[in-house]
Amino acid sequence: MPLDGWDVVVIGTGMGGSTLGYSLARQGRSVLFLERGPSRHGPEPEGVASSSNMALAPVDRRERLLRAGQWPEALLQQLHDRAPQSFLHPLGVGGGGSSSRFGMVMDRFFPEDFTPLEGRKDASASTLPESWPISYEALAPYYAEAEALFRVRGSADPVRPGVTFRLMEPPAPVGKEVSLLEGFQSLELNPYRIHYACERVAGCDTCVGSLCPRDCRNDAGKVCLRPALRSFSAGMLDWCEVLSLREEGGRVQAALCRGADGQTFEVRGRTFVMAAGAFMSPALLLRSVSSRHPRGLGNGRDLVGRNLMLHCSDHYLVRSRKAPASFDMAHGVSLNDFYRHQGEKLGNFHAHPLTIDAGKVLSWLQGKHSLPAWLRVLSPIFPLVANVGARLYRERVVFGSVLEDLPYAENRVTGISDDGVVRYEYRVHDELRRRVDLSRRLFLRGLAPRFKVKLISNPRDVALNLGHVCGTCRFGESPETSVLDASNRVHDVDNLYVVDASFFPSSGGINPSLTIAANALRVADLLHARL
């Protein structure tokens, strides 16, 4: 595998990196992907190469996590009112990045999300901008292209009558799904079939949060990375850890990397694209210092890493007061009736087609570190409890919320240690707590006449969604307030772009995956024209 001469070097193979790399490769550009974990989509017999043709060392804990698609290094979280906490976060690694484990919801932002300050209450302390540097109309054709590329299934959202979606037909509703749709409509709500990038092959149970054993998840690895490697002029170095970028004369000259054998080497190309995620991309930029950028690449105004946003995601158990015909769900249901309420921006509520079985209940019990000590003592009988719970809750549907988070300069990624631990600081502001409480009340009261609804998140806390991190290298018109320009290029570096969720100037109240993919297709066209 050559380490020089590539048109584009893409760091990370998640939703942004794989989509951009695939789009450029099919337009004839040579693309090299650098991936921290295993490829999972190569090598091919013809010789799609890996950075480590040699046998890896005996499997250790870190490698087991990498092979399972779990980012192996902990994050160090510093919340405003709590002691620092180190923990593994739910981000992915390997071919497809976090999309290899994502929940497959790919929905569009609302047009109003592109003017996020309009009609807002209580956002004066936030750095929320008046508008994005691009409009919804500019991104709309790329939304349609991404929906088709990822084979997104679903139905139109009734609360967005002016938006034309490009979706495949979902399977017919069954069982609990029919009860949900009928019950919501009787309450004069506007449900729609979830916008889902899933093939639903035989035996599919959506495997949210883990690798897909049946290849039914339409993630970025399957949809973009695999065809880029097999059909176009793209290569990949997997098990390749990018340590920093070397800049000279206003351009990135090389990426300093470490292979599976521990040896360091440089990869060079005409253009570099960061797509390592909104935690890791700013951390690598902060680590990449030079005489022109003593505080890190693109960080002359101390903006890299700032404006960190994390959606808030509560979970609810919902059961129709009318018994369903069966306990099945074919596709999933989504609601945007509570997206905005009397000038308050809230977000989306949706239910995956997820069965509640003993294994899932047991996993939830074992993962609940916040359980009281007296209940943790009962862990030896958790399998029995899980079996009983599965029978009790098989009629119920798990709904999750996606509540918009606002950007604040103090919420930030602060750096990365030598052993790969990303550090970040986050403060939960009062306006967020108030909007979380409001969203809970609206959902619980709004469904009460036809459904029994139970909040299963901690009612005294805010449930931060670390899988939806965004905003740490925001794009904008001015280098005084943004890290990137409207083409996602770093203001002060001629050949460096960022296409993961770092670029978001606001988080919206919708899953970010489709917006990341659509923007990556947009940037790929701009970059192809420039090259």
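Hi everyone! Let's start with an open sheet of 5 strands, whose order is 6-2-1-10-20 with parallel pairing. Which strands are the edge strands? They are strand 6, residues 234-237, and strand 20, residues 496-498, and each of them pairs on one side only. If you look at how neighbouring strands of this sheet sit against each other, they are turned by 20 degrees on average, ignoring direction. Please keep in mind that what you see here is a predicted model.

Now let's zoom in on one pair. Strand 1, which covers residues 6-11, runs parallel to strand 10, residues 269-274, and the two pair over 5 bridges. To find one of the bridge partners yourself, go to Trp6: its partner in strand 10 is Gly269.

Next, the helices. Helix 11, residues 513-530, packs on the sheet and touches strand 1, strand 10 and strand 20. The direction of helix 11 makes about 170 degrees with that of strand 20. Helix 5, made of residues 220-231, lies across strand 2 (31-34) and strand 6. Helix 5 runs at about 110 degrees to strand 6.

Is Ser244 buried or exposed? Its relative accessibility is 15%, and the cut-off for buried is under 20%, so Ser244 counts as buried. And which residues does Ser244 contact, once we leave aside its neighbours within four places in sequence? Those contacts are Ala254, Ala255 and Leu256, together with Arg287 and Ser288.

Definitions and conventions:
Residues numbered from 1 in each chain as written. Predicted model: local features only at pLDDT ≥ 70, side-chain atom pairs only at ≥ 80, totals over all residues. Heavy atoms only, no water. Buried < 20%, exposed > 50% of the residue type's maximum accessible area, 1.4 Å probe, protein only. Contact = heavy atoms within 4.5 Å. Pairing = 2+ DSSP bridges. Helix = DSSP H or I, 4+ residues; strand = E, 2+ residues; numbered from the N terminus. Axes fitted to C-alpha atoms, helices over the stretch in contact; angles between N-to-C directions.
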